[in-house]
Structures are given as C-alpha cells and as structure tokens.
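User: I'm new to this one. Could you show me how to read a few features?

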Amino acid sequence: MTWAEVFDADPTHVLPTRTWWWWWFILFFRNPENPARTKQMVLLWGTRNCRRLIINGHTWDHRQDDLRRTDRSVDCGGVTAGWWYDGTTMHDPLFVDDGRLHTEWGDGGKLVLANGNRYEFDAARTPQRVAVHRPGLDIDLELRPWTDYLSQIVPTGKRYLSHLGYQMHKIRGTKVRGTIGFGGKTEDLDGTAYFQKVRINSPTSPWYWGVFHAQDGSYIDYFMPHLGPPALRRTARHDSPWDWGEWHLSNSFQFYDATTGQLHKIKDMDIAKHYVDDLPVFTLQGEMAGKSVLMELTTYARATWVIRQPVWGPIANVLHYNEYPANVTRFEFADGRRRVTLDDLGPVVGNCEHSWGLV
C-alpha cells in the first residue's frame, strides 16, 4: 500500500455535491493528574464537491470544479478543524478554518492547508510531523511507529450500489509526542494516535464508530453505518422522537490481540445505549464462528460538528457528528478456550462516534 493512495483525492465516479475526502487524526494523551480522563484531540482536513458548507457556524464557499490533480499532487479548496479535551474542559471547536488544500506524495507524503495560518501533516519526514500554527494556538507533534502491525497502512471500504460507498486507509496506532501552546501556556503531550483517510461517495448517513488502544498494543474498532429515522434528526439533543428504527448497512467489529498477534473479526454486532448525565454509555455484543464479545464503553466528554449543506433557500441538509472520549469499562472476549478481559488488557482508552442527520 503506497502513500499515493493516502494523499490522493481521486475524483473518479464522484457523486454530485455528495463526495467527501477526509484526512484526520484522533490523538490520545496521558493525563497524569487524572489517568481515568485521557486527554484527546482531533485534527481534520477535508474537501467536498459542493458549493457551500457551514460547519459549527463557519461558512465555507467553494467552487465545485476547482480540484486540480497530477500524478503526484492535488490542489483544491479545503477546510480544517479540530477539538481539544484538556483533561477537564472540552474546547469544541478548537478551530474551524478554510483555504487552499495541497497534498503531494512520493517517498511519504504531505498534506497542508495554508492561508496565513498553517495546518500540516508531513509523512515524508522521519519522524512524521503534525503541526498547527495560528494566533493563540501552536501544536507540534512527532509520530513514530508503535508496532509493526499497528503502524502499517490498512485499506478497507465497502461498495453498496454501483459506485456508492466508502474507501478508507487507516493507520491503527502510532506513538506521538509533542507540545500544545494554548490558553497562554505550553504543555507537553505524550500518547498514541490513530489516522484515517476516507473517501465517502454517497450521502453521509448516520453511523456508530469507535477506536480503542490498550497499553500492550491491543486494538479495538467497530463501524455501524445505518439508515432509518435517525437520518431525520435535526437537533443536537440526545433525546429525540427519531432515535429508533436503525437499519444497519454493516455492523463490523475488530479486536487485535497483541498477546497472540491475532486479528479477530465479528460481523454480527448489536449496539445499545443509555445516558448518564447526558452522556452515552454504549454496550456492544455479538458472536460469530465461535467468537463472542461483550463490551461497555463509558463516555466522559462530547464534541459535536454541526455540518449544514444548503439545498434551496433556508432549506439545508444537516449532520450532527458527535465524538465522545471514552473508557472501556467492561470487556469480555472469547475464542474457544481463550478468554480476554480488562484484567488482561489493562486500561483501554478511545473514542466513540455517533452521528445523526444526513448531508
């Protein structure tokens, strides 16, 4: 798998006004003052072949035909955004900005949006670098491999009908160290990171998704896109008369067991949720081919991207894209005689996503 596939924005078979390209990191940083509340950050770059998006009140106007692509680079209008949970407070958004987006590839690759401010992921350097520099905010991070398995580029995706579907390239885990200068102080950061590039070639429907890192290098993720009444939700409130009737397009779960070096997959998963202090607790369970899992995910903060795409006059499609820092508070996995619990894994930290609406 080459870096070209990670940094390219291939416009083949695009769906008019509905194709996304996203590149993003979710970063988990140790919190010595409160280890049960891992600090977290999301940094995102993206573009979409539409005329206008409004993201958390920030308007991005865009020429739909401005993507310029060569065999080694892409230039287009783009957006960038981020949030930061500092262990106590969620800064949401940390920033939303737009400008010219440039990607290039070869021996590694680079992604940068520069408009006087600068937002960059440089994978051509060793160690790789991620940087954000704007008034009042300076982020400088270095990424290094964690394990051979976690730090490789992994392609995945699904086609639902004709060319409708999604393609992803992800790096499940790297080590990360660096600093953030924000709020008048500079803070050292140390932890792990997950990276994903995704091309969505369909209307963006609701989904559940999560990614988790254990200290021993074990890894968990799940993905459950769905259709149904949740696509009609229009507000950020958790309680909604439309929160029912989910029809899952897929419901996949993966567990990489670092002790054995095995990747376990279960495709028949169920998800349930309830709320404590207006934050969700998700419960996942499923079994397939002699394997079973039961997992409880307790969230402790919330960030929300409210993405509006105007349709006509005051009418707009709206997506509420929620991200919740979370701990795994129960984990029971079985595969034949092998049993894995939290006693085996130790603390497992990560992030749960739950989106609703349609854009």
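This is a predicted model: local features need pLDDT of at least 70, side-chain atom pairs count only at pLDDT 80 or more; totals for chains, interfaces and linings use all residues.

User: Is Trp 242 buried, exposed or partly exposed, and where does it lie?

Analyst: Trp 242 has a relative accessible area of 38%, and since buried means under 20% and exposed over 50%, it counts as partly exposed. Look for Trp 242 in the loop between strands S16 and S17.

User: How do I describe a pair of aromatic rings?

Analyst: You give the distance of the centres and the angle of the planes. The whole structure holds 22 aromatic pairs. Take Tyr 166 and Phe 223: their ring centres are 5.4 Å apart and their planes stand at 90°, so this pair is edge-to-face. Tyr 166 belongs to strand S13 and Phe 223 to strand S16, so the pair ties together parts that are 57 residues apart in sequence. Both Tyr 166 and Phe 223 are buried.

User: What about Phe 255 and Phe 331?

Analyst: They're edge-to-face, with 5.2 Å centre to centre and 65° between the planes. Phe 255 is in strand S18 and Phe 331 in strand S24, so parts 76 residues apart in sequence are tied together. Phe 255 is buried at 0% relative accessible area, and Phe 331 is buried at 2%.

User: Which residues do ring pairs link into a cluster?

Analyst: Trp 3, Phe 7, Phe 25, Trp 45, Phe 121 and Phe 195.

User: And where does the charged end of Arg 233 sit?

Analyst: Over the ring of Trp 356, 3.6 Å from its centre.

How values were computed: Residues are numbered from 1 along each chain as its sequence is written. Side-chain values use heavy atoms; hydrogens and water are left out. Helices (H or I, at least four residues) and strands (E, at least two) are DSSP runs, numbered from the N terminus. Buried means under 20% relative accessible area, exposed over 50%, partly exposed in between (1.4 Å probe, protein chains only). Rings of Phe, Tyr and Trp (its six-membered ring) pair if their centres lie within 6.5 Å; planes under 30 degrees apart count as stacked, over 60 as edge-to-face and the rest as tilted. A charge sits over a ring if NZ of Lys or CZ of Arg is within 6 Å of the ring centre and within 35 degrees of the ring normal.
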